[in-house]
Amino acid sequence: MQAVRQCSACARHAAGGLVRNQDVSLLQRRGAACIRYLSTSEKRKSGVQKLGDLTNPTHISLASLSVSHGLWQVEDLSHNSLIRRAASVLTDSSSAFLSQATLALMDALTDYSKAVHSRITFQKRYLASLGKMSPSEEESLQRAISGWRAEAAERLNECKHYDSTWINAVNLSKMAAQAAHSSGAHQASILVQTNIQVAQSQVEEARKLSAEADKKLAETKVEEIQRMAEYNAFLEGSEEHEVHEAYLRED
C-alpha cells in the first residue's frame with residue numbers, strides 16, 4: 001500500500017506540472033521503489049498461488065508422494081505398475097502353496113517307504129524262521145507283518161492325495177510365472193520358475209526312494225512264494241515219510 005501511495009504521489013506531481021529540477025531525482029528513486037515492490041508482490045502472489053495449487057485436491061493427480069533423502073518423489077500407480085505388483089503377490093502365494101504341497105508329499109512318500117521296509121524286514125524274518133518258531137512267535141511275526149502292511153497302505157493313500165495337491169500347486173505356479181512374465185514382473189517370474197524346478201527335483205528323489213521300496217517288496221513276495229513252496233513240500237515230504245514209516249511198522 002505504501003508503494004501505491006508513493007506511485008500516486010508521483011503521478012500527481014507530474015500531472016500538476018509542479019516538478020522542479022531538484023525533485024527529478026526524488027521522483028526517479030520513488031518510481032524505482034514502486035517497481036521493485038510491485039515485482040516482489042507479484043512473486044509472492046505467484047508463490048501463494050502455486051502453494052494453493054499443491055494443496056488443492058483438484059490439482060493433485062492419482063499418485064502418492066513419499067519423502068526419500070529429503071526429496072519429494074512420485075510413486076508410480078499406473079495400471080501397469082499395479083498389475084505388476086499384483087502378479088508379484090500371486091507368485092509369492094503360489095510359491096508358498098507349492099512349498100507346503102511339496103513338503104507334504106515328500107513326508108508321505110518317506111513314511112510310505114519306511115512302512116514298506118519295515119514290512120519287508122519282518123516278512124524276511126518270518127520266512128527265515130519257518131519251521132523253527134513256536135506258535136506264539138509265529139503269531140507275533142504275522143501280526144507285525146499285517147500291521148506294517150496296513151500302515152503302508154494308509155501311507156500310500158496319503159501319497160496319492162498329496163500328489164494330486166502337488167500337481168495342482170505346480171500348475172498354479174506355472175500360470176503365475178506366465179502372468180508375471182507377461183505383466184513385466186520378470187524377476188518374480190524367474191523366481192517362481194526356479195521354485196518349480198527345485199520342488200520337482202525334491203519330489204523326484206522321494207519318488208525314487210518309494211519306487212526302490214516297492215521293488216524290494218516285490219522281490220520279497222517272490223522270495224516268499226518260493227520259500228513257502230519249499231516249506232510246504234518239506235511238510236508234505238515229512239508227512240509221507242511218517243506215513244511210510246507207520247506202514248512199515250504195521251507190517
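1. A residue counts as buried under 20% relative accessible area, as exposed over 50%, and as partly exposed in between. E154 has a relative accessibility of 43%, and therefore counts as partly exposed. This cut-off is used in several of the points below, all of which concern a predicted model.

2. The protein chain has an average pLDDT of 75, and 64% of its residues score at least 70. Among the elements of the chain, α4 has the highest mean pLDDT, 95, while strand β1 (residues 64-68) has the lowest, 38.

3. Two stretches call for caution. Over residues 31-35 the pLDDT stays under 50, and the model has four contacts beyond four places in sequence for them. Over residues 41-73 the pLDDT likewise stays under 50, with 18 such contacts in the model. Where pLDDT is low, the predicted coordinates should not be read in detail.

4. Helix α4 covers residues 135-183, and its length can be checked against expectation. Its 49 residues, at 1.5 Å a residue, should span 72 Å; the C-alpha atoms at its ends are 72 Å apart, so the two values agree. Just after α4, G184 adopts a positive phi of about 100°.

5. S183 belongs to helix α4. Its relative accessible area is 16%, so S183 is buried. The side chain of S183 reaches the backbone oxygen of A180 at a distance of 3.0 Å. Not counting residues up to four places away in sequence, S183 touches I83, R84 and A87.

6. How many salt bridges does the structure hold? There are six salt bridges in the structure. A network of them links E151, E154, R155 and E158. Side chains of opposite charge can pair when their charged atoms come close.

7. The side chains of R155 and E151 form a salt bridge at 2.3 Å, N to O. For R155 and E154 the corresponding N to O distance is 3.3 Å. The salt bridge between E158 and R155 has its closest N and O atoms 3.0 Å apart.

8. R155 and E151 both lie in α4, four residues apart, about one turn of the helix. E158 and R155, also both in α4, are three residues apart, again about one turn.

9. Is R155 buried or exposed? With a relative accessible area of 10%, R155 falls under the 20% cut-off and is therefore buried. E151, at 28%, is partly exposed. E158 is likewise partly exposed, with a relative accessible area of 27%.

10. The largest nonpolar core has 20 residues, and those with the most contacts inside it are L98, V116 and W166. Helices α3, α4 and α5 (186-250) are the elements that give two or more residues to this core. The largest share, nine residues, comes from α3. Apart from this core lies another, of seven residues, among them Y126, L130, M133 and I145. In soluble globular proteins, nonpolar side chains tend to be buried together.

11. Leaving aside its neighbours within four places in sequence, V116 is in contact with A152, A213, D214 and L217.

12. S113 lies in helix α3, which runs over residues 79-128. Its relative accessibility is 7%, so S113 counts as buried. A polar atom of the S113 side chain lies 3.3 Å from the backbone nitrogen of S210. Beyond its neighbours within four places in sequence, S113 is in contact with L209, S210 and A213. A213 is also one of the residues in contact with V116.

13. A128 lies in helix α3 as well. A128 has a relative accessible area of 48%, and so is partly exposed. How far apart in space are A128 and R227, C-alpha to C-alpha? Their C-alpha atoms are 8.7 Å apart, although 99 residues separate A128 and R227 in sequence.

Methods: Residues numbered from 1 in each chain as written. Predicted model: local features only at pLDDT ≥ 70, side-chain atom pairs only at ≥ 80, totals over all residues. Heavy atoms only, no water. Expected span 1.5 Å × (residues − 1). Buried < 20%, exposed > 50% of the residue type's maximum accessible area, 1.4 Å probe, protein only. Polar contact = N/O pair within 3.5 Å; in protein donor to acceptor, adjacent residues only side chain to side chain. Contact = heavy atoms within 4.5 Å. Salt bridge = Lys/Arg side-chain N within 4 Å of Asp/Glu carboxyl O. Core = buried A, V, L, I, M, F, W, Y, C linked by side-chain atoms within 4.5 Å. pLDDT = per-residue confidence, 0-100.
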